[in-house]
Protein chains: 2
Amino acid sequence: MSIDRGSLVVNPNILEMEYAVRGPIPQRAAELKKQGRKIIFANIGNPQALGQVPLSYLRQVLSLVEDPAKIDRERQLKSLFEDSPHTDLQEADFISEDLLGLSEEILAASGTGMGAYTESKGMLFIREAIADFIDQRDGVGPQHGVPADAESIFLTSGASQGVYFVVDLLIADENDGIMIPIPQYPLYSAAIKKAGGAQVNYYPDEEAGWVFGREVLVDAYQKALQAGVKVKAIVVINPGNPTGAVLDAESTREVIRFAAENQLMIIADEVYQENVYGGEFLSFAKVLGKEQVPLASLHSISKGFLGECGHRGGYLEMRNPPLIEGTSLDFIDLLNKQASVSLCSSTPGQVLTYLMVKPPGENTPTYENYQAEKEQILGELHQKALMIRAAFKEMEGVDCFGKTGALYLFPRLGKLPAGTTDFDYCMALLEETGLCTVNGSGFGQKPGTQHLRVAFLPSKALLEEVLPAWIDFHQQYLAG
Amino acid sequence: MSIDRGSLVVNPNILEMEYAVRGPIPQRAAELKKQGRKIIFANIGNPQALGQVPLSYLRQVLSLVEDPAKIDRERQLKSLFEDSPHTDLQEADFISEDLLGLSEEILAASGTGMGAYTESKGMLFIREAIADFIDQRDGVGPQHGVPADAESIFLTSGASQGVYFVVDLLIADENDGIMIPIPQYPLYSAAIKKAGGAQVNYYPDEEAGWVFGREVLVDAYQKALQAGVKVKAIVVINPGNPTGAVLDAESTREVIRFAAENQLMIIADEVYQENVYGGEFLSFAKVLGKEQVPLASLHSISKGFLGECGHRGGYLEMRNPPLIEGTSLDFIDLLNKQASVSLCSSTPGQVLTYLMVKPPGENTPTYENYQAEKEQILGELHQKALMIRAAFKEMEGVDCFGKTGALYLFPRLGKLPAGTTDFDYCMALLEETGLCTVNGSGFGQKPGTQHLRVAFLPSKALLEEVLPAWIDFHQQYLAG
């Protein structure tokens with residue numbers, strides 16, 4: 001049945017917007033899976049879809065606050081069990097008292113439980129806990145640093161919503177631009193495109209491990225200026241997505257100096273701050289200290305060792321909010337207005353964010369198990385990254401620069417046959433081996449280079465199976 | 001410390017956007033509460049914040065899928081209890097087998113549990129259940145109606161996100177407009193303003209119970225046309241917010257005819273479809289039948305008798321998606337693109353939406369309790385609406401037209417002292433009695449009229465306390 005339903009003119013910005021992480025290659029992968037093919041989804045940072053087990057601490061508490069009648073019942077059950085322990089159940093099957101108490105505290109602090117809209121910014125006690133977490137992480141003390149302020153923190157639906165809030169506000173017309181690193185996580189290009197602004201590319205130095213100096217920033221800025229673009233902000237993703245690269249203190253300071261000179265806001269995507277595998281994460285807030293540069297930094301429950309993507313939790317912290325021309329308002333007031341119209345982020349996402357910033361204390365019954373689960377997840381991620389790196393060494397023309405961070409490797413494909421692109425390569429790799437990756441062009445890359453992004457999330461057993469197949473595929477592909 | 005942080009030019013659309021439901025009066029109420037005043041928040045449809053108890057069915061299942069280890073444990077505990085029942089626990093303290101099985105089914109159908117990103121549209125089995133729900137609700141059969149299609153359904157973060165998806169797409173430039181009823185839920189005016197489009201007002205007839213005929217629509221459309229506005233869609237909120245009015249079949253048919261003639265999309269906000277208190281709800285999809293008019297209809301877990309606002313769940317169903325000019329795409333493809341960049345809505349919101357559309361079957365152990373909880377909530381809501389209506393009869397110049405629907409009453413304040421507005425009245429009412437309402441001007445109203453919106457959510461005990469105070473306040477306010 002094909003009926004003419006007219007021909008609608010829609011928002012051209014949405015029409016032109018692209019998002020490769022869920023683009024043609026993953027779509028083809030989904031088709032193949034429906035046909036019964038075994039597909040390994042390494043196209044997206046979605047750990048629990050690839051078997052990562054959720055942290056018990058998070059889920060036990062979330063489960064209790066969703067059904068509060070079970071808190072007291074748990075206590076009664078425990079004494080029932082202690083009176084007649086001749087079952088298959090063990091003490092470890094019961095939730096420890098610290099988590100029962102914590103669940104009660106969360107419900108009491110929320111005031112209205114899990115079913116009510118919260119303040120638009122999110123529940124106050126959670127924002128206060130986030131502020132404490134930031135201060136502790138950054139070593140803020142009486143003599144050092146600037147304490148975080150709960151009123152400058154917004155709980156968001158993943159980090160994505162925070163990015164939209166900021167970008168939508170900054171882009172006042174089509175001449176406003178935002179600097180983003182190339183390659184970048186395509187949320188940024190999509191958000192800028194949707195807001196109708198100009199994307200201003202800067203190019204970290206791949207062979208130096210994706211670091212960058214002042215000249216890279218100045219060059220991009222000058223070119224934008226010449227094209228009539230007013231640059232409003234600079235995005236830094238640290239650790240990098242898709243590159244996995246970890247920024248050093250000097251590059252961070254360089255960005256801050258550059259932003260200060262040119263009156264830019266820094267948008268610091270720090271969602272992979274726990275994914276550094278031996279390296280050190282240094283937050284923008286910490287390096288910024290008392291400098292009056294506007295900083296919007298983002299964090300999420302989807303990454304790190306939590307991997308709670310489906311719960312869509314995260315936060316945005318704003319420092320040194322600019323004043324808004326022609327008003328008595330500042331940037332936070334307008335973020336708040338945007339948050340109000342969406343009412344609030346989801347309460348489960350908020351509670352998991354709380355648990356992320358408030359892990360079990362060292363002397364609690366939960367501590368040991370929590371640490372064990374955490375170390376197991378991070379240790380495996382590192383090992384899997386090393387396995388894939390080792391495979392690259394067997395592939396002609398493939399180089400992978402930079403430290404290992406985030407959940408991704410972004411190897412350069414140096415010797416693809418003439419006339420073929422990384423898109424072709426990734427599509428063929430999928431068809432041949434069932435491994436779903438994303439072509440480098442989906443993230444942006446220096447003209448003339450080719451890459452792919454692979455998430456190091458599939459299990460070791462799966463990698464042991466697919467990596468030799470990838471190496472074979474690579475050899476054949478290069479042979480044409 | 002007052003430091004010059006520059007003066008930023010931001011997106012003027014966001015600067016101008018307004019959202020009275022969380023505007024100055026509720027903000028003042030929050031201040032007063034902090035100072036220790038007792039405040040009754042009747043400004044927003046947030047039932048659980050005012051003591052409505054969540055449905056056991058929803059929360060028990062959600063709690064189990066969040067911590068799957070507890071499903072089998074529940075079975076073991078039950079047999080432990082049966083072996084030694086000499087405790088304070090009773091059989092009713094254990095979760096019945098139908099819900100344990102349902103929780104397992106949900107986890108199995110999800111494929112990846114609660115922690116993974118889902119498909120951008122939401123989990124397929126949930127979209128299929130929604131399609132079944134729509135067909136059952138609308139009596140779709142082999143001879144009647146058009147079945148809903150799971151691929152045309154998007155799970156969203158509350159209904160708000162669905163509204164943004166549609167409005168953002170429809171507004172291609174500042175001459176594109178969307179018709180909205182006045183008064184309206186200010187999400188619509190805010191979304192249109194944010195997208196940079198034109199708001200085209202139409203005026204239902206208050207004294208006729210907020211119904212409207214063809215001439216009201218034609219009048220608004222013609223005025224827009226004369227102003228150079230291209231109308232793309234018409235919003236209908238049924239049952240109404242803020243009016244509570246319930247649309248009859250004839251008005252619904254009128255909207256469909258009008259939309260067909262003028263090639264408009266219908267945006268049907270049907271989030272209050274369970275809140276009709278004796279009247280009958282008739283969906284746009286049902287009345288539309290086989291007519292080829294584009295229809296985007298919205299539903300939510302926040303309203304009805306669920307009141308699960310904090311979990312941010314809902315869905316958007318699209319029928320007869322228009323084709324997009326200059327492409328081979330249709331409207332659903334572009335909704336999907338937008339959903340992709342936000343990754344997905346939260347899994348708890350998705351699961352609660354599933355449970356909303358799939359209540360316990362008649363022969364299950366859970367059925368009776370579920371029905372009792374549902375009837376208790378809806379019965380109380382109706383009684384509270386009647387209590388407030390009775391109070392209006394004691395207030396000079398106050399008239400409240402239309403059937404009782406949704407969660408709100410929207411009385412006209414006919415005799416405010418000259419020079420005072422409904423905003424002044426609501427602010428004074430708050431200061432005097434602690435009752436927080438929203439001024440009619442926050443929703444839009446016919447020039448020269450004054451109203452307020454009050455949610456009939458506070459407990460009967462609270463209403464018994466505050467209604468006499470309101471009547472006294474009213475008398476004094478009118479006396480000047």
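These legends accompany several close-up views of a predicted model.

View 1. Two domains of chain A meet face to face with their neighbour. Welcome to the domain view. The domain assignment of chain A gives domain 1, made of residues 12–50 + 370–478, and domain 2, made of residues 124–357. Their C-alpha centres lie 26 Å apart. Domain 1 of chain A puts 35 residues into the contact, and domain 2 of chain A puts in 31 residues. On the domain 1 side, the elements that give two or more residues are α1 (12–16), α14 (367–393) and β12 (408–409) of chain A. Of these, α14(A) supplies the largest share, five residues. Helices α15 and α16 of chain A cross each other. Here helix α15 (residues 422–433) of chain A and helix α16 (residues 460–478) of chain A bring their axes within 10 Å, with a crossing angle of roughly 130°. That angle makes α15(A) oblique to α16(A). The crossing in which α15(A) passes α16(A) is right-handed. To follow the contact residue by residue, look on α15(A) for A:Y425, A:A428, A:L429, A:E432 and A:T433, and on α16(A) for A:V466, A:A469, A:W470, A:F473 and A:Y477. By class, this contact has eight nonpolar residues, one polar residue and one charged residue.

**View 2. Helices α3 and α5 of chain A form another crossing.** The axes of helix α3 (residues 56–66) and helix α5 (residues 97–110), both of chain A, come within 9 Å and cross at roughly 50°. The two helices, α3(A) and α5(A), are therefore oblique to each other. Their crossing is right-handed. From α3(A), the contact draws on A:Q60, A:V61, A:L64 and A:V65, while α5(A) brings A:L99, A:L102, A:S103, A:I106 and A:L107. The contact of α3(A) with α5(A) has seven nonpolar and two polar residues, and no charged residues.

**View 3. Three strands of chain A make an open sheet.** Reading across the sheet, the strand order is β12-β16-β15 in chain A, and the pairing is antiparallel. The edges are formed by β12 and β15 (438–439) of chain A, each of which pairs on one side only. If you zoom in on β12(A) and strand β16 (residues 452–455) of chain A, you will find antiparallel pairing over two bridges. A handy place to start is A:Y408, which stands opposite A:A455 in β16(A).

**View 4. Strands from chains A and B pair with each other.** This view moves to the place where strand β1 (residues 7–8) of chain A meets strand β10 (residues 323–324) of chain B; the two pair in the parallel sense over two bridges. Within this pairing, A:L8 stands opposite B:I324 in β10(B).

Technical notes:
Residues numbered from 1 in each chain as written. Chains lettered and ligands numbered in written order. Predicted model: local features only at pLDDT ≥ 70, side-chain atom pairs only at ≥ 80, totals over all residues. Axes fitted to C-alpha atoms, helices over the stretch in contact; angles between N-to-C directions. Helix = DSSP H or I, 4+ residues; strand = E, 2+ residues; numbered from the N terminus. Parallel < 35°, antiparallel > 145°, perpendicular 65-115°, else oblique. Left-handed = near helix turned anticlockwise from the far one by under 90°. Contact = placed C-beta atoms within 7 Å. Nonpolar A, V, L, I, M, F, W, Y, C, P; charged D, E, K, R; others polar. Pairing = 2+ DSSP bridges. Domains from an automatic or database assignment.
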